Amino acid sequence: MSKSWPDSLFDVLLRQKVRQIAYVPDAGHSRLIDLCTANPDMETTVLTTEEDGIALLSGAWLGGDRGVLLMQSSGVGNCVNMLSLLENCRMPFVSLITMRGEWGEFNPWQAPMGLATPDVLTRMNVQVHRVDEPDLAAPTLEAAIAQSYDGMLASAVLLSQRLIGRKDFEAED
Amino acid sequence: MTDNPPLLDRRETVARLLRDRGDLLVVTGLGSATYDVAAAGDDPRNFYLWGAMGGTAALALGLALAQPNRPVVAITGDGDMLMGMGTLATIGAKQPANLSVVVLDNERYGETGAQPTAIAHGVNLTGVARACGLDAPEDIRDMNAVGTLAERLHRTDGPLFANIKIDARDYPRVLPARDGPWLRSRFREAVLGNAP
């Protein structure tokens with residue numbers, strides 16, 4: 001049996017020499033966060049708000065580390081002005097974003113940013129790559145990291161809610 | 001209320017902090033903190049923010065985690081620190097020993113007309129930093145304490161937080177380069193050599 005998509009994403013992080021992971025959690029990221037936290041060669045930082053991750057990973061890059069920011073689509077709304085740091089300095093940047101509010105979502109408060117996330121990122125000059133198929137998650141992240149760090153670009157990989165699995169109001173996570 | 005001594009001069013304070021800077025890496029918060037550090041002398045190991053309000057300490061944290069053997073200091077104003085106050089919790093959780101956060105506290109939003117910040121209404125950033133687990137001495141009010149702080153910036157036994165009470169005098173702006181990609185590449189070359 002092939003690896004699960006979070007395990008494949010973790011392999012990409014290792015292969016692409018990503019050393020710093022910053023995150024505000026989502027249930028869809030929990031497996032990947034666990035893998036990163038357990039790796040002694042990775043520096044994993046839990047944030048109080050997502051825009052801090054943009055600044056933090058810019059500092060990481062200034063110090064020679066590659067990073068990836070993990071968040072959910074609602075967090076994109078918190079990031080908007082801080083994205084100007086990436087554009088003004090042409091910082092390489094990658095965010096892996098779990099989409100909420102778009103596929104059987106139980107919580108209507110997730111819907112606005114779920115709908116707006118691709119447009120908000122695009123308007124702030126972040127390249128958006130959406131993934132709907134589990135098998136394409138890892139290759140898409142790998143392409144985004146390579147392109148961003150080779151070309152000094154900001155990019156985001158959106159993992160669709162259908163891919164992650166619908167969040168169930170009755171479930172524990 | 002007892003009489004306090006005169007407040008510190010921001011330019012003199014920052015010049016003293018950076019006088020013997022050694023291999024200190026410096027990140028500056030938008031507005032006056034950026035101008036103060038530029039006035040103390042440009043250096044490739046300065047990274048000046050012109051915006052990204054609230055992000056100064058977070059950027060310095062990422063840098064400190066990437067370069068754990070070098071001292072890193074964020075120098076910023078109380079307005080920027082208040083916006084990024086959650087970062088103090090993040091720093092407290094990570095405990096980077098090589099990171100210092102220095103706040104130039106005039107209790108004002110200096111760039112926008114000197115409106116009072118929450119500090120002017122009694123909020124205590126040093127207390128917040130302590131509650132978050134940073135090593136935070138009493139608010140700094142004289143040049144002797146600034147000199148002591150300047151030495152401590154080079155010791156990597158932090159994370160350290162220092163709030164310096166400065167007067168609200170408005171200095172002529174000393175503008176460093178605004179070309180972000182150039183500042184970025186210059187900084188990386190100074191820290192990493194010709195790293196890709």
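**Reading a two-chain model**

Biologist: Which residues of α3(A) are buried?

Modeller: They are A:D52, A:G53, A:I54, A:A55, A:L56, A:L57, A:S58, A:G59, A:A60, A:W61 and A:L62. Buried means under 20% relative accessible area, exposed means over 50%, and partly exposed lies in between (1.4 Å probe, protein chains only). By that rule, eleven of the twelve residues of α3(A) are buried, so the helix is mostly covered. One caution on the source: this is a predicted model, where local features need pLDDT of at least 70, side-chain atom pairs count only at pLDDT 80 or more, and totals for chains, interfaces and linings use all residues. Residues are numbered from 1 along each chain as its sequence is written, chains are lettered from A and ligands numbered from 1 in the order in which they are written, and side-chain values use heavy atoms, leaving out hydrogens and water.

Biologist: How many residues does helix α3 of chain A have, and what is its reach?

Modeller: Helices (H or I, at least four residues) and strands (E, at least two) are DSSP runs, numbered from the N terminus. The expected span is 1.5 Å times one less than the number of residues. Helix α3 of chain A covers residues 51-62, twelve in number. From first C-alpha to last it reaches 17 Å, close to the 16 Å expected. After the helix comes A:G64, with a positive phi near 100°.

Biologist: What is the largest nonpolar core here?

Modeller: In soluble globular proteins, nonpolar side chains tend to be buried together. A nonpolar core is a set of buried Ala, Val, Leu, Ile, Met, Phe, Trp, Tyr and Cys residues joined through side-chain atoms within 4.5 Å. The largest one here has 110 residues, and A:L13 and B:F161 have the most contacts inside it. Helix α3 (residues 56-66) of chain B gives the largest share, eight residues.

Biologist: Which residues is A:L13 in contact with?

Modeller: Contact means heavy atoms within 4.5 Å. Set aside neighbours within four places in sequence, and the partners of A:L13 are A:V18, A:I21, A:L32, A:C36, A:M42, A:V68, A:L141 and A:I145.

Biologist: How many residues does each chain bring to the contact?

Modeller: Chain A brings 27 residues and chain B brings 27 residues. Buried area is the accessible area (1.4 Å probe) that two parts lose on being put together, summed over both. Chains A and B bury about 2000 Å² between them, with 64% of it on carbon and sulfur atoms. Of the area that chain A buries against chain B, 26% comes from A:L62, A:G63 and A:C89, more than from any other three residues.

Biologist: How many polar links cross the interface?

Modeller: A polar contact is a pair of N or O atoms within 3.5 Å; within protein, one must be able to donate a hydrogen and the other to accept it, and residues adjacent in sequence count only if both atoms are side-chain atoms. Nine residue pairs meet that rule across the interface of chain A and chain B, both residues at pLDDT 80 or more. On the side of chain A that touches chain B, α3(A) supplies the largest share, eight residues.

Biologist: Where is B:T87, and is it buried or exposed?

Modeller: B:T87 sits in helix α5 (residues 86-94) of chain B. Its relative accessibility is 1%, so it counts as buried. A polar contact of 3.0 Å joins its side chain to that of A:D52.

Biologist: What does the pair A:D7 and A:R31 tie together?

Modeller: Their salt bridge is 2.7 Å, N to O. A:D7 lies in helix α1 (residues 5-15) of chain A and A:R31 in helix α2 (residues 30-38) of chain A, so the pair ties parts 24 residues apart in sequence. A:D7 is buried at 16% relative accessible area, while A:R31 is partly exposed at 40%.

Biologist: Which residue forms a salt bridge with B:D42?

Modeller: B:R186 does, with closest N and O atoms 2.8 Å apart. B:D42 is in the loop between α2 and β2 (46-48) of chain B, and B:R186 is in helix α8 (residues 180-192) of chain B, 144 residues apart. B:D42 is partly exposed at 49% relative accessibility, whereas B:R186 is buried, with a relative accessible area of 14%.

Notes: A salt bridge is a side-chain nitrogen of Lys or Arg within 4 Å of a carboxyl oxygen of Asp or Glu.
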